[in-house]
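Student: I am new to this structure and would like to know where the labels used for it come from. Please set each value against its definition.

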Amino acid sequence: MSVVEISLARHREAPRLAAMSRRLVEAGLEPSWTTARVERHVAHEDSVVIVAKAAGEIAGFAIMQFGDLTAHLNLLAVEPRARRAGVGRALVAWLEESARVAGTFTVDLELRADNVGAWRFYRALGYCETGRIRGYYQGVEDAIRMRRELAVVAPQLPAG
């Protein structure tokens, strides 16, 4: 895989991102990430939609929404041909750095309970499972909730 470039998504990319979500994230479910919904996040000041491009082609994307205390990673998708090449890591790193700059030091996300590959990916990045939600995905599939604390804690010096 060639060098990956991360950039903010543009409105014209929303149809492609919605199609990727249907194919890679929402397979087997009624699509909820429509082009209009992706466009709203592109335009919304509390959301960030980014794309990873390799050789000028979209290799992956992510959508994160920022709250006062936490950020929520709504979507992350990487094309199968680009997996295990650092695309997902690059997207998450970009978003986590944005959260730190914004003063948001907690990132939450949900993933399908049967998506072992995604669970391993997030665990490798330092995310911890915080719970399970029955029927989270349209009442038919459970979710695993995960969280990562981004704050850097200074080491405690020994007393004395």
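Student: Why are α1 and α2 called oblique to each other?
Tutor: In this predicted model, local features need pLDDT of at least 70, side-chain atom pairs count only at pLDDT 80 or more, and totals for chains, interfaces and linings use all residues. Residues are numbered from 1 along each chain as its sequence is written, and side-chain values use heavy atoms, with hydrogens and water left out. Helix α1 (residues 14-25) packs against helix α2 (residues 35-43) at an angle of about 120 degrees, and their axes are 8 Å apart. Axes are lines fitted to C-alpha atoms, for helices over the stretch in contact, and angles run from 0 to 180 degrees between N-to-C directions. Angles under 35 degrees count as roughly parallel, over 145 as roughly antiparallel, 65 to 115 as roughly perpendicular and the rest as oblique. The pair α1 and α2 is therefore oblique.

Student: Which residues make the contact between α1 and α2?
Tutor: Ala14, Pro15, Leu17 and Ala18 come from α1, while Thr35, Val38 and Glu39 come from α2. Contact means heavy atoms within 4.5 Å. Helices (H or I, at least four residues) and strands (E, at least two) are DSSP runs, numbered from the N terminus.

Student: What makes Ala77 count as buried?
Tutor: Its relative accessibility is 3%. Buried means under 20% relative accessible area, exposed over 50%, partly exposed in between (1.4 Å probe, protein chains only). Ala77 therefore counts as buried. This residue is found in strand β4. Leaving out residues up to four places away in sequence, Ala77 touches Met20, Leu24, Val25, Ala59, Gly60, Phe61 and Leu91.

Student: Is Val152 buried or exposed, and how do you know?
Tutor: Val152 has a relative accessible area of 78%, so Val152 is exposed. Val152 lies in the segment after β7. Its C-alpha atom is separated by 8.9 Å from that of Phe105, 47 residues apart along the chain.

Student: What makes a set of residues a nonpolar core?
Tutor: The set consists of buried Ala, Val, Leu, Ile, Met, Phe, Trp, Tyr and Cys residues joined through side-chain atoms within 4.5 Å. The largest one here has 28 residues, of which Met64, Leu73, Leu91, Tyr122 and Tyr127 touch the most other members. Helix α3 gives the most to this core, with five residues. A second, separate core of 14 residues includes Ala9, Leu17, Phe61 and Ile63.
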